[in-house]
Amino acid sequence: MKSKEPSILIIKEEEELRKLREETNAETLRQELEKERQRRLELEQRVNEVLKARAEEVPAAQQPAKPQAQANGTDKSSHTVSSRLQKWFGDKFGEYVEDFRFQPEENTVEAEEPLSARRLTENMRRLKRGAKPVTNFMKNLSALLDWYSIYTSAIAFIIYINAVWHGWAIPMFLFLAILRLSLNYLIARGWRIQWSIVPEVSEHMENPKEDLTVSEKFQLVLDVAQKAQNLFGKMADILEKFKNLFMWVQPEITQKLYIALWAAFIASCFLPYRILGLALGLYAGIKFFLIDFIFKRCPRLRAKYDTPYIIWISLLTDPQLKERSNATVSRRLSGHEKLQTAASRSYVGTSAPTGISKDEDTSRFHTTKRGNFHEVFNLSENERPLPVCENGWRCCLINRDRKMPTDYIRNGVLYVTENYLCFESSKSGSSKRNKVIKLSDITDIQKYKVLSVLPGSGMGIAVSTPSTQKPLVFGAMVHRDEAFEAIFSQYVKITSASSNSES
């Protein structure tokens, strides 16, 4: 018992010490609060005194100054007037002055989003949907200039020439913009307004999958990389051609631009702007509606007289210039080879028939793996692949009307000519395995997705004809979009020409 009593006393002492510490902390807090209250009261007293002083100064300034205190009154009145002016200026323009205060610019770094297959597919669909109005506008404009609908193009040409002749070109374009916005407003309000010169191609859209397998993600990355490669390549070609044009890389071409710019400068100095605008407007209408239409239908005429087209084709990109320079260096180093090549060229020139150039000869007698093009597909000699598919597109033909595996899928090469769609089978044998489709017989052509499990829009083209129950599918095409644009544009030309001839 005696040993327990000292421990109890120690515990009580520790509790008393703890209570004392807490009391001391509370006391210091009370003292600080009291100090803050006193400071607040002092500030309130000062504010009240300042307000009273200002209230006394205002009536004193309004009263007439006494003769003995005229100097003091003038000082007080000037002081009050200046204070009022400062206050009025601060109330009216203080906010605007603060907006012009210079501050250091904050450099914000945007956080990069991690790579995700789902996000990638979503962004691709967003880009496609966002660019759809622009692509539709360009297609309709191209169809209008190509006289896809004769009556629509004729009306547009007459209205445009009349507006330019009377100086109403700018009001006409502004009115068209207002009309487009008005139609968009009605569409947003629920109206069904659909007007297009070119019929829209329906493309099957699927909802994005939540989870993708590794192979699907890999295929998606390949599709995006291919599209980005082609897009960046076309943009780089255009930019490099413009750069080489203005940097005198090809002086014989840039000289024409130089002379044209001087002529335009002299004309702008002496001709009135009304006459200059009229001349430019009439030239643009005749050029885009009539001259380009004739040049597109007559390639040989375009190659001889279409100066902008000739200049653009003659411009070289940086890789082409590099290849040309390497070729010239190799020719200088190998003089013997140069003589041999010259002899071979002279031999080919003499062996070619008269009246036919080298380009015409090679394009006319285009050969495939089986032989001459027109002999393989049993066509006339005038039928040859278009320049965009000179080597063809590798693909597989899926004929869903056939049940045998050997006839259901065939690997080969697809070509498009002015009037036909030709498929050459890679299997050895007779020409019965080849497929020739007349473009005028096609009833429908669409982009097709062979396997629905794969992301994206697929790599196939479906062609419907009256002779087949199910559409023929050309699948596994790496350059599907390029092939579809070429085939569809040629199909539109054939159908428009046939409709014009019937009318």
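Modeller: Of the 503 residues in the chain, 21% are buried, where buried means under 20% relative accessible area, exposed over 50% and partly exposed in between (1.4 Å probe, protein chains only). This is a predicted model, in which local features need pLDDT of at least 70 and side-chain atom pairs count only at pLDDT 80 or more, while totals for chains, interfaces and linings use all residues. Residues are numbered from 1 along each chain as its sequence is written, and side-chain values use heavy atoms, with hydrogens and water left out.

Biologist: What makes a stretch of the chain count as a helix or a strand?

Modeller: Both are DSSP runs numbered from the N terminus: helices are H or I with at least four residues, and strands are E with at least two. The chain has 16 helices and seven strands.

Biologist: How do you know what span to expect of helix α4?

Modeller: The expected span is 1.5 Å times one less than the number of residues. Helix α4, residues 150-165, has 16 residues, and the expected value is 22 Å. From its first C-alpha to its last, α4 reaches 22 Å, close to that expectation.

Biologist: Why are the buried residues of α4 said to line one face of the helix?

Modeller: The buried residues of α4 are Ser153, Phe157, Tyr160, Ala163 and Val164. Seen down the axis of α4, they fall within an arc of 135°, so they line one face; the arc is that of the directions from the helix axis to the C-beta atoms. The face turned away from this buried side carries the exposed residues Tyr151, Ile155, Ile158 and Trp165.

Biologist: What makes a set of residues a nonpolar core?

Modeller: The set must consist of buried Ala, Val, Leu, Ile, Met, Phe, Trp, Tyr and Cys residues joined through side-chain atoms within 4.5 Å. The largest such core here has 26 residues, and Trp393, Leu414, Leu421, Ile445 and Phe474 have the most contacts inside it. At least two residues of this core come from each of β1, β2 (409-416), β3 (420-425), β6 (460-464), β7 (472-475) and α16 (480-502). The largest share, eight residues, comes from α16. In soluble globular proteins, nonpolar side chains tend to be buried together.

Biologist: What makes the pairing of the side chains of Thr417 and Glu383 a polar contact?

Modeller: A polar contact is a pair of N or O atoms within 3.5 Å; within protein, one must be able to donate a hydrogen and the other to accept it, and residues adjacent in sequence count only if both atoms are side-chain atoms. The side chains of Thr417 and Glu383 make such a contact at 2.8 Å, so the distance lies within the cut-off.
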